[in-house]
Each structure stands twice: as structure tokens, then as C-alpha cells.
Amino acid sequence: MKYLRTLLLSIMAGIAIGIGGTVFLSLDNKIIGSLLFTCGLYTICTQGLNLFTGKVGYLVNNDKSYLIDLVIIWTGNFIGTFLTAQAILYTRVFKISEIAMNITSVKLGDSLISLFILGIFCGLLMYIAVDGYKKTSNPIILFVCVMTFILCGFEHCIADMYYFAISGMINIDTMMMLLVITAGNTLGGIMIPLINKIK
């Protein structure tokens, strides 16, 4: 039951990110779009949902069983973003898929090392955002960090799941890209906790 609950909370987190991705794709103004995208992470933090990039930073302070949780969370996030994308495609909002194609084409034309590096910076910002919110309960840090990673063009594996899904680009190549970005997000997310473990 524990793993089922973890999965369900992860699927809901994926849906929250999908909603954030939808509003971002619906707006021409990137600054406002990145601001409103943060409704996804704000919902996740206030409702206790499971987002991979919000959880992976705590890997270094947990035992090996936490890896199982992270795999389940990543899978649940994928399911949630995919379901959200498929649902949106059945609505009048489906035209945002064309905008998503422009975003995914840039990613598809990028190198794996570039995606990995951009993933590191995003992972670092996501840890700062989530851990900062946990310590202060101040949502401003969530909005600042999310807006920063979006406007910088850093890569967020869960957001990318949604963009690839809604643009109909889920295939072996994009799954490989998602794994590379996930590795970058993971490295970025554990940087500060690893440094803090140094005595």
C-alpha cells in the first residue's frame, strides 16, 4: 500500500506539472508563463505530492530503499504528464501541441551533453526551491527558482515529459533524452546535500 500511495501521489504531481506546462504553452509572454507554470510546483509542495526533482535531492540522506521510491515517483510523474497531455489533446486547447513541437524540436536538435548540463542547473534550482520552501514556508522561493530555470532554458525532466507527450514525440530517442536530463537533474539536486555532508 505504501508504494501504491507513492505512485498515486506521483501521478498527481505529474498532472500538476502538466497543468503548469499547459498554461506556459498557452501564453505568448514567457515571463508570465513561467510565473504561472509555478502553480504546478506550488500545488505539489502544499498538497504533499511526489515530484522526482523535488525528492531526488534527499537521496544522499536516505538509505538505499529510497531509490525504489524515486523510480516509482519518476514513473508516476511520467504517467501523470502523459495522461494530462492526452486529455488536453481531446479539448479545444489541443493547439498548444504546435507550440510544444517548437520547444521539443530545440531539444531534439541539442546534444546529450548539453541536455545533461542544462539538467544539472535545473536540478540545483529545484532543490533550492523545495528545500527553501520546507525551511521557510515562503512560496516566493518556488516562483523565483522555477521562473529562473524556465527563462534560462534549463532542462526539467518532468516538464519535458509533458512537452514530448503533448507534441506526440514519445519514442526511444526522447526517452533517452529524458534519462539524460534525469541524470542531470539528479546530480544538480544532490550537490548541496553532498557538500553539507562534508565535515
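## Salt bridges around K107

E155 is buried, with a relative accessible area of 4%. In this predicted model, the side chain of E155 meets that of K107 in a salt bridge, with 2.7 Å from N to O. K107 is part of helix α6 (residues 96–108), whereas E155 sits in the loop between α8 and α9, so the pair ties together parts that are 48 residues apart in sequence. K107 also counts as buried, at 10% relative accessibility.

K107 has a further salt bridge, to D160, where the closest N and O atoms are 3.0 Å apart. This pair links distant parts of the chain, with K107 in helix α6 and D160 in helix α9, 53 residues apart. D160 is buried, its relative accessible area being 2%.

The whole structure has 4 salt bridges. One of them joins D131 to K135, with the closest N and O atoms 2.8 Å apart. Both residues lie in helix α7, 4 residues apart, or about one turn of the helix. An α-helix has 3.6 residues a turn, so residues three or four places apart point the same way.

## Packing of α5 against α9

Helix α9 (residues 157–166) also packs with helix α5 (residues 65–88); their axes come within 8 Å and cross at roughly 35 degrees. The crossing of α5 past α9 is right-handed.

On the α5 side, the contact is made by W74, N77, F78, T81, F82, T84, A85, Q86 and I88. They meet C157, I158, M161, Y162, A165 and I166 in α9. By class, this contact has 11 nonpolar and 4 polar residues, and no charged ones.

## The buried side of α3

In helix α3 (residues 39–47), the buried residues are G40, L41 and I44. These residues cover an arc of only 95 degrees around the axis, which puts them on the same side of α3. Among the elements that cover them are α1 (2–26), α2 (30–37), α7 (112–136) and α8 (140–152). Helix α7, which covers part of this buried set, is also the helix that holds D131 and K135.

Just after α3, G48 takes a positive phi of about 70 degrees.

Notes:
Residues are numbered from 1 along each chain as its sequence is written. This is a predicted model: local features need pLDDT of at least 70, side-chain atom pairs count only at pLDDT 80 or more; totals for chains, interfaces and linings use all residues. Side-chain values use heavy atoms; hydrogens and water are left out. Axes are lines fitted to C-alpha atoms, for helices over the stretch in contact, and angles run from 0 to 180 degrees between N-to-C directions. Helices (H or I, at least four residues) and strands (E, at least two) are DSSP runs, numbered from the N terminus. A crossing is left-handed if the near helix is turned anticlockwise from the far one by less than a right angle, and right-handed if clockwise. Contact means heavy atoms within 4.5 Å. Ala, Val, Leu, Ile, Met, Phe, Trp, Tyr, Cys and Pro count as nonpolar, Asp, Glu, Lys and Arg as charged, and the others, Gly among them, as polar. Buried means under 20% relative accessible area, exposed over 50%, partly exposed in between (1.4 Å probe, protein chains only). The arc is that of the directions from the helix axis to the C-beta atoms.
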